[in-house]
Amino acid sequence: MIEYYKMTKSGVNSSGKEEANWLNLQNLSEEELIKVTDQYDLPLDLFAGIDEPEEVSRVERIHSEKLTNVYSLIVLNLSAETERSIEARLHPISFVKADGLLITYSSRESDFIHSVIEKYRQEFNSFEKVISYSLLSIYNHYLMELEEIKKRIDKLDQSARNTTENEELFKLADTTRDIVYIDHTLRDQDETLNYLMEHTDFQNKIGDKELLYEVRLRHRQVNKLIEIYRDLLETVGGLFTDMMDNNLNHLMKYLDSAALVISIPALISGIWGMNTGGLPGAKSNLAFFVVLVLSIILAAIAAVYLHRKDYSK
């Protein structure tokens with residue numbers, strides 16, 4: 001699907017093919033992509049392979065005989081489809097910016113560009129602002145996801161204090177996996193954003209310092225939260241480990257104490273059960289009950305002693 005938009009100083013609106021200066025490409029076939037790249041003398045592989053969550057964010061200068069001052073920007077957005085895995089929700093958005101033309105491309109069915117247009121339509125008076133507001137929306141999506149992850153971390157923290165069930169450990173592993181994906185995606189995107197700001201004419205042409213500051217603020221905020229939540233997950237993981245070790249120590253102490261208590265009547269009955277002469281009570285009918293009561297009393301004394309014993313000293 002190819003959508004055509006016309007951008008003016010007063011905003012952006014849908015338009016016909018001839019007067020359009022913004023093309024939004026989405027989920028195109030190979031033939032359609034070849035047609036677009038030929039029309040503007042763009043590299044054939046410009047949009048190839050940018051449909052994976054492991055795609056590298058980047059800025060590239062492009063040579064074209066039909067366009068001037070062309071560069072390509074690829075960033076990764078995070079959709080709000082919480083029922084899907086994190087890698088299924090990460091999808092690249094490509095911007096090709098030239099003098100007088102902007103091309104946006106997504107290889108999946110995504111409403112990202114539509115939502116950005118709907119929200120900031122009146123603010124769009126340059127291609128740089130389209131990119132800036134798109135970046136702002138992308139970082140807001142990451143912030144919303146990190147808010148949900150924080151709730152999951154808080155629940156895991158409470159669970160780690162009360163249980164070591166496998167289900168909670170699986171949730172911890174899933175949350176850690178999500179953080180790792182987001183962290184590496186944003187680390188890669190940091191370099192792209194810095195290059196865009198410092199090595200292109202992006203800042204000079206946007207003409208809106210407040211918008212740039214807002215983008216950088218969201219950028220810093222997301223990075224800070226990522227670092228905090230990774231440390232929190234490590235703390236929760238350590239707490240799970242410590243709780244399991246503590247429970248195992250209590251179990252071993254109980255088993256060792258029980259074995260020691262049981263060994264006392266076993267020792268006594270073993271001695272009186274020897275098939276040798278000279279044992280007290282060998283000819284008495286009450287000897288068995290005396291030995292039994294003696295074994296129970298000694299085992300009870302040992303059990304009480306072990307229960308009251310302070311093993312921390």
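Which strands do the buried residues of helix 1 pack against? They sit against strand 1 (2–8), strand 3 and strand 7 (101–106). Keep in mind that this is a predicted model, where local features need pLDDT of at least 70, side-chain atom pairs count only at pLDDT 80 or more, and totals for chains, interfaces and linings use all residues. Residues are numbered from 1 along each chain as its sequence is written, and side-chain values use heavy atoms, with hydrogens and water left out.

**Helix 1**

- Leu33, Val36 and Thr37 are buried in helix 1 (residues 30–39); buried means under 20% relative accessible area, exposed over 50%, and partly exposed in between (1.4 Å probe, protein chains only).
- Helices (H or I, at least four residues) and strands (E, at least two) are DSSP runs, numbered from the N terminus.
- In helix 1, Leu33, Val36 and Thr37 cover an arc of only 95 degrees around the axis, so they end up on the same side of the helix; the arc is that of the directions from the helix axis to the C-beta atoms.
- Turned away from that buried side is a face with the exposed residues Glu31 and Lys35.
- Just past the end of helix 1, Asp41 has a positive phi of about 55 degrees.

**Aromatic rings**

- A search of the whole structure turns up 4 aromatic pairs.
- Trp22 and Phe124 have ring centres 6.1 Å apart and planes at 65 degrees, so this pair is edge-to-face.
- That pair ties together distant parts of the chain: Trp22 is in strand 3 (residues 22–26), while Phe124 is in the loop between helix 3 (112–120) and helix 4 (127–162), 102 residues apart.
- Both Trp22 and Phe124 are buried.
- Phe124 and Tyr133 have ring centres 6.0 Å apart and planes at 55 degrees, so that pair is tilted.
- Like Phe124, Tyr133 is buried.
- Tyr5, Trp22, Tyr120, Phe124 and Tyr133 make up one aromatic cluster.
- For the cut-offs, rings of Phe, Tyr and Trp (its six-membered ring) pair if their centres lie within 6.5 Å; planes under 30 degrees apart count as stacked, over 60 as edge-to-face and the rest as tilted.

**Ser106 in strand 7**

- Ser106 belongs to strand 7 and counts as buried at 6% relative accessibility.
- Setting aside neighbours within four places in sequence, Ser106 is in contact (heavy atoms within 4.5 Å) with Leu25, Gln26, Asn27, His91, Pro92 and Ile93.

- Asp183 lies in helix 5 (residues 166–199), and its relative accessible area of 4% makes it buried.
- Not counting residues up to four places away in sequence, Asp183 touches Ile226 and Arg230.
- Ile182 is also found in helix 5, and it is buried with a relative accessible area of 0%.
- The C-alpha atoms of Ile182 and Pro280 are separated by 78 Å, with the two residues 98 apart along the chain.

**Exposed Phe288**

- Phe288 lies in helix 8 (residues 287–308).
- With 56% relative accessibility, Phe288 counts as exposed.
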